[in-house]
Amino acid sequence: MCGIAGIFGKEKAAGWTTEALFAQQHRGQDSCGLASTDGGTLRQFRGLSLVRECLTDDVLKSLPGAAAIGHIRYPTQGRPCTENAQPHLFVKDGSPLFALASNGDITNLPELGAEVESRGYKLEGTNDGEVIAKCIGVWAFEDGLGIEAAIAKWMERGRGAYSTVLLTPTHLYGFRDPFGFRPMSWGSRDGAAVVVSETVGLDILRADLDGEVPPGHILRWGPEGLAEIEGAPARPQQHCIFEHIYFARPDSRVFGENVFDVRRAIGEALALGDTVPGDVVVPIPDSANFIGLAYANARNLPIAFGLVRNHYVGRTFIAPEQHVRDESVRLKFNPLPGFFVGKRVFLVDDSIVRGTTIRKLNRMLRENGASEVHLRIGSPPIRHSCYYGIDTPVQEKLVAHGRTPEEVAAFLEADSLRYLSMEGLRSTVSSPADFCFACFNGQYAAGRKA
Ligand code: SF4
């Protein structure tokens, strides 16, 4: 769970890159960073905070040039520290040769990390992006392959998910794993190229969407223009369905579909055949808002934003420590006073991971007078961990792992619990065969991390 951005062909590119990162801040709040080139020298900055706090005017002034890349990070691998922040620089004989930033997790990371260390390139941190950078750097500059052949070799050797930008002194590259797990789009404005994880990063710059970076391909922008190079043979697509369910902003377009359209379809599919009586639909803001709205419309029930969210707290689901998650439920949500008294409530969420948040919210609604709380969930039970860049816990900590939906409902103290079925979820995207559903069905196309 991270966001990337890259700009080529725009003076003060670090400024545009910062705006593109800011629009994608929901993808990670742990650290951020930039690297830029003035055509000859690469410079880098990394910090442990939000984009607006870290990437100040002074930082931007220290990063001149017409090409830049940037990254926002949520730690799925490695602790929060500057060494694990991106972009990573590949340095040989004291000279930075390129910078790299990536979104996704690599399943054979230990093997590849050991390989680069055996070549004399010590890893500073424990982050996937650093291993990608060092592998490509060693193969390109120690083994003499050059950048493009080294990226192609990475596509052959690296397993898992990566949507990556790479900046040399003269060129910007964007490449994506052959399965296309994570989103990655590119666009243009006034002759400059913009690469982003989500299209909201293009919107903020008023750049036109030109397309997605094709999985297994390498796009290269340079003084000679744009070139597309095949890096690896096409594989069956495995787009992360969770981007549509939860992660991506509803105003983004990912994997060729509008996220809000998919969320609306999820809400409608969830309502199909649901005849449990109730008074009001309350979505858990913000990620379940569109699902709740569609569910309420389909059931002809009123919707109310009965829970108010404090936007200055990070996302509960991705907070790395349990004690932070525990506290952040009350810090993050507050019920409208008096609203719930005597009401039969459909509480709608996009997914249930550990179950701790929704159980606390259920209790909160009852303490505030709700007579019944029925949970409606816009995805099937999550029974397996993700190894491709989403921070789900080990499967034993997933509330649905080893429990029937009835047992989950009892654990969550709900009057009823209804998950979206797998068939229902598959019906919400136009080509379900192109999606990964491994956290629901355990079918991992690119292996699992040891
Ligand atoms: Fe996405 Fe789940 Fe697949 Fe991970 S396992 S990539 S969260 S669909």
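**Around the ligand and along the loops**

Biologist: Which residues are around the ligand?

Modeller: In this predicted model, the residues around the ligand are Arg182, Cys240, Ile241, Phe242, Cys386, Tyr388, Ile390, Cys436, Ala438 and Cys439. A residue is counted here if one of its heavy atoms lies within 4 Å of the molecule. Residues are numbered from 1 along each chain as its sequence is written, and side-chain values use heavy atoms, leaving out hydrogens and water. Because the model is predicted, local features need pLDDT of at least 70 and side-chain atom pairs count only at pLDDT 80 or more, while totals for chains, interfaces and linings use all residues.

Biologist: Which elements give two or more residues to that shell?

Modeller: They are helix H8 (241-247) and helix H15 (438-441). Helices (H or I, at least four residues) and strands (E, at least two) are DSSP runs, numbered from the N terminus.

Biologist: How does the shell divide by class?

Modeller: The shell has nine nonpolar, no polar and one charged residues. Ala, Val, Leu, Ile, Met, Phe, Trp, Tyr, Cys and Pro count as nonpolar, Asp, Glu, Lys and Arg as charged, and the others, Gly among them, as polar.

Biologist: And where does the ligand sit?

Modeller: The ligand is placed in the largest cavity. A cavity is a set of points, on a 1 Å grid over the protein atoms alone, where a 1.4 Å probe fits but cannot get out. A molecule sits in one if more than half of its atoms lie within 2 Å of its grid points.

Biologist: What does serine 351 touch?

Modeller: Apart from neighbours within four places in sequence, serine 351 is in contact (heavy atoms within 4.5 Å) with Phe242, Ile377, Ser379 and Ile382. Phe242 is also one of the residues around the ligand. Serine 351 belongs to the loop between S20 and H12.

Biologist: Is serine 351 buried or exposed?

Modeller: Serine 351 counts as buried because its relative accessible area is 9%. Buried means under 20% relative accessible area, exposed over 50%, and partly exposed in between (1.4 Å probe, protein chains only). Its side chain also makes a polar contact of 2.7 Å with the side chain of aspartate 350. Such a contact is a pair of N or O atoms within 3.5 Å; within protein, one must be able to donate a hydrogen and the other to accept it, and residues adjacent in sequence count only if both atoms are side-chain atoms.

Biologist: What about glycine 355, and where is that?

Modeller: Glycine 355 lies in the loop between S20 and helix H12 (356-367). With 4% relative accessibility, glycine 355 is therefore classed as buried. Beyond four places in sequence, glycine 355 meets Val399 and Leu412. From C-alpha to C-alpha, glycine 355 and alanine 400 are 8.5 Å apart, although 45 residues separate them in sequence.

Biologist: A change of topic: which residues of helix H10 are buried?

Modeller: In H10 (residues 289-299), the buried residues are Asn289, Ile291, Gly292, Ala294, Tyr295, Ala296 and Arg299. They pack against helices H8 and H9 (259-271), and against strands S17 (280-283), S20 (344-349) and S21 (372-377). Just after H10, asparagine 300 has a positive phi of about 55°.

Biologist: Which peptide bonds are cis?

Modeller: One of them runs from glutamine 86 to proline 87, with omega near 5°. Proline 87 is in the loop between strand S4 (67-73) and strand S5 (88-92). Another cis bond joins proline 285 to aspartate 286, with omega near -5°, and aspartate 286 is in the loop between S17 and H10.

Biologist: What is the phi of lysine 12?

Modeller: Lysine 12 has a positive phi of about 55°, although it is not a glycine. Lysine 12 is in the loop between strand S1 (2-8) and helix H1 (13-23). At 67% relative accessibility, lysine 12 is exposed. Aspartate 93 also has a positive phi, near 50°, and is exposed with a relative accessible area of 71%. Its place is the loop between S5 and strand S6 (95-103).

Biologist: Finally, what does histidine 171 touch?

Modeller: Not counting residues up to four places away in sequence, histidine 171 touches Phe8, Leu166, Arg220, Trp221, Gly222, Pro223 and Glu224. Histidine 171 occupies the loop between strand S7 (163-167) and strand S8 (172-176), and is buried because its relative accessibility is 16%. The side chains of histidine 171 and threonine 170 form a polar contact of 2.8 Å.

Conventions
On a 1 Å grid over the protein atoms alone, a cavity is a set of points where a 1.4 Å probe fits but cannot get out, and a pocket is an open set with protein on both sides within 12 Å along at least five of seven lines; lining residues have an atom within 4 Å of a point.
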